[in-house]
Amino acid sequence: MVKAIMGLFILISGVQLCHAQTTTSTYTKAEQDIFDLSKKKWDWMAVKNIDSLGVLFDDKSVFVHMGGSWGKAQELNVIKSGNIWYKKTSVYSVSVNFFANTAILLNDIDLVAVVGGNEVVNPFMVTEVYVKENDRWKMGSLTFSKLLRPVRTTDQIPQQK
């Protein structure tokens, strides 16, 4: 009986250990590179670093916002002029899938932005599409999809309706 109980204990411990190993989150170099690039992009948008963003955005890139969609030149002009200031981004989760030379990244974020002179915060799922050309990642698309979940950020900013 003692052997049976010990065997059962070892079996259960082994299953728990295997499960713990499979749920540990480690990223490949390619995944970490895309996560890092996305973080840099949010930082560059916050400080209106048009030069770095201009290199990152492909000439044929598209941007989809709550107020419309446009290409690279207009996105850079919107950022430079301050019509949209991506003031602070709180990222809650990030994932990426690769398809040949394309990476599709999803960010669950709260975005604190100044739009038309009004400071707002909105929850978004942001889709970023990157294409690797000549060993360099370029952004092909950036799409903001507003989420129905409540804002999580602790910043005391009124939510846009």
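Me: Which residues make the nonpolar surface patch of about 240 Å²?
Reply: Phe99, Ile104 and Leu106 make that patch. Patches consist of residues with over 30% relative accessible area and no salt bridge, like charges being joined within 9 Å and nonpolar side chains (Val, Leu, Ile, Met, Phe, Trp, Tyr) within 5 Å. The model is predicted, so that local features need pLDDT of at least 70 and side-chain atom pairs count only at pLDDT 80 or more, while totals for chains, interfaces and linings use all residues. Residues are numbered from 1 along each chain as its sequence is written, and side-chain values use heavy atoms, with hydrogens and water left out.

Me: Where does Ile104 lie?
Reply: Ile104 belongs to strand E4. Its relative accessibility is 30%, which means that Ile104 counts as partly exposed. The classes are buried under 20% relative accessible area, exposed over 50%, and partly exposed in between, with a 1.4 Å probe and protein chains only.

Me: What does the secondary structure of the protein chain come to?
Reply: There are four helices and six strands. Read from the N terminus, their order is α-α-α-β-β-α-β-β-β-β. Helices (H or I, at least four residues) and strands (E, at least two) are DSSP runs numbered from the N terminus.

Me: What does Phe144 touch?
Reply: Leaving out residues up to four places away in sequence, Phe144 touches Trp42, Val64, His65, Tyr86, Ile109, Leu111, Phe124, Met125 and Val126. Contact means heavy atoms within 4.5 Å. Across the chain, of the contacts between residues at least 6 apart in sequence, 53% join residues at least 24 apart.

Me: How many salt bridges does the structure hold?
Reply: The structure holds eight. The criterion is a side-chain nitrogen of Lys or Arg within 4 Å of a carboxyl oxygen of Asp or Glu. Side chains of opposite charge can pair when their charged atoms come close.

Me: With which residue does Glu128 form a salt bridge?
Reply: Glu128 pairs with Lys41, and their closest N and O atoms are 3.1 Å apart. This pair links distant parts of the chain, from Glu128 in strand E5 (residues 118-133) to Lys41 in helix H2 (residues 29-46), 87 residues apart.

Me: Is Glu128 buried or exposed?
Reply: Glu128 counts as buried because its relative accessibility is 0%. Lys41 is buried as well. Beyond four places in sequence, the contacts of Glu128 include Ser38, Trp42, Ala103, Asn107 and Ser141.

Me: And Ser38, with which side chain does it make a polar contact?
Reply: The side chain of Ser38 makes that contact with the side chain of Asn107, at 3.3 Å. A polar contact is a pair of N or O atoms within 3.5 Å; within protein, one must be able to donate a hydrogen and the other to accept it, and residues adjacent in sequence count only if both atoms are side-chain atoms. Ser38 is placed in helix H2 and is buried, at 2% relative accessible area.

Me: Which residue meets Glu119 in a salt bridge?
Reply: Lys87 does, at 2.3 Å from N to O. Glu119 in strand E5 and Lys87 in strand E3 (residues 84-99) are 32 residues apart, and the pair links distant parts of the chain. Glu119 is partly exposed at 31% relative accessibility, and Lys87 is partly exposed at 35%.

Me: Which residues are linked with Arg152 in a network of salt bridges?
Reply: The network links Arg152 with Asp108, Asp110 and Arg149. Within it, Arg152 and Asp108 meet at 3.5 Å, N to O. Arg152 is partly exposed, at 44%, whereas Asp108 is buried, at 9%.

Methods: Accessible areas come from the Shrake-Rupley method with a 1.4 Å probe; for residues, only the protein chains shown count as cover.
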